[in-house]
Amino acid sequence: MKIKRAFTSVIAGFSIAVGCLAINNLSANAATTQNGVTNDQINQYVNNATLEQKVGQMYVSRTPQDPNQVKNDVSKYNLGGLIVYDADMKGLTQQQFKDKMKSFQDSAQTPLLVGVDQEGGLVSRLTHSGLVQQNGNQFAFPRKQYEEGGMKEVVDDAEKNATLLRSLGINWNYAPDADYSTKPGTFMWDRTFGQGYQQTADYLSKVVPAWQHDNLVASTLKHFPGYGDAADTHTGFAENSKSLTELENQDMVPFKAGMKAGADSVMVTHVIYNKIDPEYPASLSPKINSLIRNNCNYNGVIVTDALEMGAITDFAKEHGNASVDVLAVKAGNDMIMTTDYATGIKEIVSAVKAGEIPESQINASVTRILQLKNKLGLLKPENLMFRKPTNNNNNTSTIINPGNTDHKNPSVISGNNSITISGITYNNDKKVAFINGKVSDPAAEGSMIMTATNANTGKKITTAVVGGKGVFAIELPMTNEVQNVKITSDDDSYAAVTTKVEAIKADKPVVNTDQNNKQNSSTEKQTNKQNNSVKDEVNITLNTEKQANSAKKNTQVVSKNINSEKTTVTNPVYKSAIKTNYQGKNVITTSHDSAAHAVAQKSNNNAKVLPKTGTKENIVALFGLAITSTTALFGLALRKKN
C-alpha cells in the first residue's frame, strides 16, 4: 500500500489491475453442474436462441401489478428476472406470496431471478410491506446489528434472512451495501456499515458467504465503485469528485473484498465520477465497467441500478432522449434493471444488427446470467429448450387477498399515508414543469411509484420513483392550457392530491396600426436627423441591452417556492450551480432543470432570477446599463433643446 501511494496515478491504475488479478469470482466457477445443467448445455442454448430471446434474459423488471401481464410478458419477452417491492407483498399472507411467485416461475421458460432490496432498516421490503413481522435486530441496518451484537449477529441474521427469502420464492438480494459514507445525514449514511473502509471490507468478506449460504440466494455488492457522500440519484444528478487512485485506495477496497469472497453480482450506481468519466453516469460508463472487468478481473453478473431513477431520465433528456438501455449494454452491463423491456429489447437488437454492439458481448452476458441461475439450482435441461410464448390474457385467475394475518396492521408502518406537494418549478422556456413533493413514509425510497394523471381526462401523463426520505420530483410537459394534475401512489393507502400546472405563455404579438405607420415627411426627416446625431449613444445602449437579454436567456426560471436556507447544488454535466440567499434575497442561477427542482423540493419563499453569468457580473451589467441609458437620454434631451 505504501508503494502504491508513491507511484503516479498512471502507475496506481496499473497496480489496480495487477492487485486484482488474484480476485477469484467463485460464483461463476461454482456454476457448473450443480444438479442442474452443464456448461455445454448453457453454451448450446446461447448458440441456438434468437437474439431477441437472449436480450430478454438481460432484463430484470419491476413486477407489473397485473399478475396476468406478468405471466404474459415473462413468457413473451423471455425476461431474465423480476424485482419485488412493497406493492407486490402488501396484504398477502406468506403462502399467498409464495403462490404468486410460483405462478410467475411457471410462466417462464427459463426460470426467473426474483430480486428484492433486503438490506435492513428502512430498506427492508419484507417488514415494511407487512409480509413478515419485525423481529428484534434481524431486519435492522447492519450498522445497528453490529453495534448491538457484533459481527456474529450480523452474520447470523444474514443467514436467517437468506433462508427466509428463498422460502418465499426470492433468490436474489440486492445487498449487502459495500459503500462507505463519511458524513452523517448524507443519502447513503444509514445504509453503510459505518466502520471505515477496511472494516467494511472485513464485514463483506464475512457477510457475503452468509447471504449466499447453500446457494439459496445470490448477493449483490452495491453501489460500485462506491457511492460515498453523493446526493440522491432517484431524483436527479449526483457526482463524486474522487480520483481513480482515491477510489482504489478507499471506496473500492470493500468491493474487492466482496468479490474475493465470491459475490454473485455487482450493482453499478448512477453517480457521475467526474475525474474518471465526466459525461456518463457510472451505470452507462464503459470506463467504470472496465474497472470491474479488467482491473478487478471479476466475471460475475454486473447489473445496473434502476434506470427509471431521476439521474438517468434526466441524462436521457439532456442527450436527445438517447436509449439508455443501449448505452447500458454498450457500457458492459449484463443485466438492465428497468420496466421498459418492450421498447428496450427492440432497441438493443437493432444496435446489435447495426454493428454497434457485438453479439459476442450479448452471448457472454447471457452465459453469466444462466450460470448464476444454474448455481442457484433454478435450471433443468428442459428450461433450455425452446417453446412458443404462452398468452395469459384469457387467464382470469387472481390472488385472493383476505388480509395478512402475519402482520396485524401494515398501514402503521406507512405513517399518515399522505402526499404533500412542496412546490412546482419550470424550465427556462416554461415548457416543462416539475412537481416536487414528499410522501409521509421515508422508507418508500426506490419502492414507490408516483403517477401524474390529467385530473379532467383521467389520462396518465408520467411517473417518477420516490427518492430518499420520501421525496419525489415529477417532470411533465406543459400545454397551452392550465392542467389540473392528479398525483397518486402505487400504494392505495395514500390519498391522491391535485395541483395546477401553468399553461405555456405565448409571446405577445407586436401590434401595428395605420396611425403608427403614418408619418409626415417633415417629422420623419427631423426624427432621422435626431437619430443620426445620437447614433453612438443609442448603439452603446442597445449593445448593453443585448448583452443583458442574452444573459437573461440563460437563466433558469424557478417557481414561487424556494426557501431561505443557503443551498448550493452543482450540475456535474454543465458545471452550473444553484445559489440562494444572496444579500438576503433568494437567487437562483442554473442551466439544468434537474438541479433546479432538486433545490425546489424544500421551498417556501419567493425567488428572483439572475442571469447565468453570476451575481457580480449581473450587478456590473445592470449598473452599466443604467448609466449608459441615462447618458444617452440626457444627450438626446440637450439636442432637442438646442
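Analyst: We begin with Asp251, which is buried, with a relative accessible area of 2%; buried means under 20% relative accessible area, exposed over 50% and partly exposed in between (1.4 Å probe, protein chains only). The model is predicted, so local features need pLDDT of at least 70 and side-chain atom pairs count only at pLDDT 80 or more, while totals for chains, interfaces and linings use all residues. Residues are numbered from 1 along each chain as its sequence is written, and side-chain values use heavy atoms, with hydrogens and water left out.

User: Which residue forms a salt bridge with Asp251?

Analyst: A salt bridge is a side-chain nitrogen of Lys or Arg within 4 Å of a carboxyl oxygen of Asp or Glu. For Asp251, the closest N and O atoms of the pair are 2.6 Å apart. The partner is Lys242.

User: Which parts of the structure does the pair of Arg368 and Asp334 tie together?

Analyst: The side chains of Arg368 and Asp334 meet in a salt bridge, at 2.8 Å from N to O. Helices (H or I, at least four residues) and strands (E, at least two) are DSSP runs, numbered from the N terminus. Because Arg368 and Asp334 belong to parts 34 residues apart in sequence, the pair ties together helix H18 (residues 359–375) and the loop between helix H16 (324–331) and strand E12 (336–337).

User: Helix H4 packs with H18; what is the angle between them?

Analyst: Two packed helices are described by the angle between their axes and the distance between the axes. Axes are lines fitted to C-alpha atoms, for helices over the stretch in contact, and angles run from 0 to 180 degrees between N-to-C directions. For helix H4 (residues 39–48) and H18, the axes are 10 Å apart and the angle is about 140 degrees.

User: How is H4 oriented relative to H18?

Analyst: Angles under 35 degrees count as roughly parallel, over 145 as roughly antiparallel, 65 to 115 as roughly perpendicular and the rest as oblique. With an angle of about 140 degrees, H4 is oblique to H18.

User: How many salt bridges does the structure hold?

Analyst: Some are linked in a network, whose members are Asp117, Glu119, Arg125, Asp177, Arg191, Lys222 and Glu445. The total for the structure is 18.
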